[in-house]
Amino acid sequence: MKIIAGNANRPLAEAIARRISVYRGDRIGLANARVERFNDKEIFVEIYDNVRGEDVFIIQSTSNPANDNLMELLIMTDALRRASARRITAVTPYFGYARQDRKSAARTPITAKLVANLMTEAGVDRVLTMDLHAGQIQGFFDIPTDNLYAAPVFALDIKHHLAGRENLTVVSPDVGGVVRARDLAKRIGATLAIVDKRRSRPGEVESMTVIGEVSGRTCVIVDDICDTAGTLVKAAELLKEEGAEEVHAYISHGVLSGPAIERVTSSAMETLVITDSIEPIEAVKKARNIRVVSIAPLFAQAILNVGNDTSVSSLFDETTLAPIYEAFYRFD
């Protein structure tokens with residue numbers, strides 16, 4: 001097994017490699033490789049380790065800058081394929097362009113499918129990702145695709161940090177996220193509420209209504225992506241207006257672009273919990289109410305399971321992850 005990392009999120013790649021070393025009982029570091037740019041920003045990749053006949057995992061989220069990180073992934077894949085790697089698995093904790101999974105209007109692209117085609121044509125044999133914006137994106141690939149879930153990790157974190165609260169309500173910030181919210185609510189034994197939002201035009205919310213009981217309850221908003229945080233902050237304010245005691249948010253991918261961090265820190269939310277699928281910038285680390293939960297143990301175990309041809313779906317259950325996280329990650 002070989003693990004190679006691009007520049008998108010090297011700290012996560014290093015953390016995954018460290019945990020794999022612990023799980024296996026032998027040292028496995030990141031492959032010795034060079035991923036850099038020429039003066040004109042062309043990407044150049046050179047792999048120094050022998051990968052002939054190896055099972056290689058490329059850890060590379062296609063986060064901001066999405067195009068650069070995607071090209072790094074494609075070029076690394078081509079380099080490995082030409083070096084006769086036996087199998088190439090693209091480990092993309094955050095799969096960029098996932099929000100463009102359908103034609104939202106006339107003459108618009110389905111970019112998620114285009115990216116899937118690019119990865120397949122470059123030589124990727126398998127994809128390992130987490131919380132795709134739409135589950136059907138797995139069908140865009142003509143190769144095996146495993147979609148992990150942050151919900152088991154969130155459930156463990158909630159049970160630790162919100163222990164003792166019997167009045168928990170999981171809130172979906174829109175109708176499209178009800179399945180995700182219902183799953184988390186079932187895991188932690190909470191009730192369910194929905195924020196119904198109506199748009200006057202794209203990007204502008206005309207009105208928001210809460211469906212369900214939130215008065216006097218601790219509300220946990222759950223979603224897959226937080227970009228500019230506008231909808232998230234408005235949902236938190238609405239829940240407070242409806243009588244919620246506390247509002248917390250759990251987001252799988254903290255894109256947090258533009259004014260997002262400022263909005264979150266000045267919002268009604270007690271905490272915003274994100275994973276490190278996207279490398280947190282310094283402002284995120286210093287934000288008073290933003291906390292990062294690592295997914296390195298989850299992906300380390302998933303990579304081992306893929307490499308050993310054992311079940312990946314076993315990681316959908318928090319009881320499987322609990323001993324892993326207790327041993328290798330402290331939720332404080």
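Is Cys219 buried or exposed? Cys219 counts as buried because its relative accessibility is 0%; buried means under 20% relative accessible area, exposed over 50% and partly exposed in between, with a 1.4 Å probe and protein chains only. The model is predicted: local features need pLDDT of at least 70, side-chain atom pairs count only at pLDDT 80 or more, and totals for chains, interfaces and linings use all residues. Residues are numbered from 1 along each chain as its sequence is written, and side-chain values use heavy atoms, leaving out hydrogens and water.

**Cysteines**
- The whole structure has zero disulfides, a disulfide being a pair of cysteine sulfur atoms within 2.5 Å.
- Cys219 is in no disulfide, and the nearest cysteine sulfur, that of Cys226, is 17 Å away.
- Cys226 counts as buried because its relative accessibility is 3%.

- Helices (H or I, at least four residues) and strands (E, at least two) are DSSP runs, numbered from the N terminus.
- Strand β5 covers residues 87-92, and six of the six are buried, so β5 is largely enclosed by the rest of the structure.
- In a regular strand, side chains alternate between the two faces of the sheet.
- One side of β5 carries Arg87, Thr89 and Val91, the other Ile88, Ala90 and Thr92, and all are buried.

**Pairing and crossovers**
- β5 pairs in the parallel sense with strand β4 (residues 55-59) over five bridges; two strands pair if DSSP finds at least two bridges between them.
- Val56 stands opposite Ile88 of β5.
- From β4 the chain passes through helix α2 (residues 66-82) to β5 in a right-handed β-α-β crossover; right-handed means that, with the strands pointing away from the viewer, the path from the first strand over the helix to the second runs clockwise.
- β5 also pairs with strand β6 (residues 126-130), in the parallel sense over four bridges.
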